[in-house]
Amino acid sequence: MKKSIADWEEVFLCSTDYEADLVRARLEDAGIFSVLLNQRCHAFNLTQGSLAKVHVLVPKSLKAEALALLSAEALTDEELTEAAFSGK
């Protein structure tokens with residue numbers, strides 16, 4: 001079965017790859033499949049504005065579950081700092 005972007009819903013938006021990776025990992029640990037749609041302009045390494053968007057998407061049927069998980073378990077400053085300096 002072929003899927004399109006219309007089959008997916010955004011559950012998180014940020015401007016850094018590492019933050020999006022942390023969210024995706026948290027979702028997948030809970031059994032919620034997710035993908036990243038990266039619109040960052042890597043040529044200029046922008047981290048603000050419309051050229052720095054990284055979207056975390058889940059299937060429409062899992063959006064409510066994903067949002068509930070993310071709101072219950074927010075990313076901590078320690079997680080973000082560790083990911084930022086790990087080079088991932």
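Three strands form an open sheet in the order 1-3-2 with antiparallel pairing, where two strands count as paired if DSSP finds at least two bridges between them. Direction ignored, neighbouring strands are turned by 30° against each other on average. Helices (H or I, at least four residues) and strands (E, at least two) are DSSP runs, numbered from the N terminus. The model is predicted: local features need pLDDT of at least 70 and side-chain atom pairs count only at pLDDT 80 or more, whereas totals for chains, interfaces and linings use all residues. Residues are numbered from 1 along each chain as its sequence is written, and side-chain values use heavy atoms, with hydrogens and water left out.

Strand 2 and strand 3 run antiparallel and are joined by 4 bridges; Val 35 has Leu 57 in strand 3 as its bridge partner. Helix 1 packs on the sheet, touching strand 1, strand 2 and strand 3, and its direction makes about 15° with that of strand 3. Helix 2 also packs on the sheet, touching strand 1 and strand 3, with its direction at about 20° to that of strand 1. Contact denotes heavy atoms within 4.5 Å; axes are lines fitted to C-alpha atoms, for helices over the stretch in contact, and angles run from 0 to 180 degrees between N-to-C directions.

Buried means under 20% relative accessible area, exposed over 50%, and partly exposed in between (1.4 Å probe, protein chains only). Leaving aside neighbours within four places in sequence, Ile 32 contacts Leu 27, Val 58, Leu 62, Glu 65, Ala 66 and Leu 69.

Glu 19 is located in helix 1 (residues 17–29). Beyond its neighbours within four places in sequence, Glu 19 is in contact with Phe 12, Cys 14, Leu 75 and Leu 80.

Ala 74 lies in the loop between helix 2 and helix 3 (77–86) and is exposed, with a relative accessible area of 53%. Not counting residues up to four places away in sequence, Ala 74 touches Arg 26 and Glu 79. The C-alpha atoms of Ala 74 and Arg 26, 48 residues apart along the chain, are separated by 9.9 Å.
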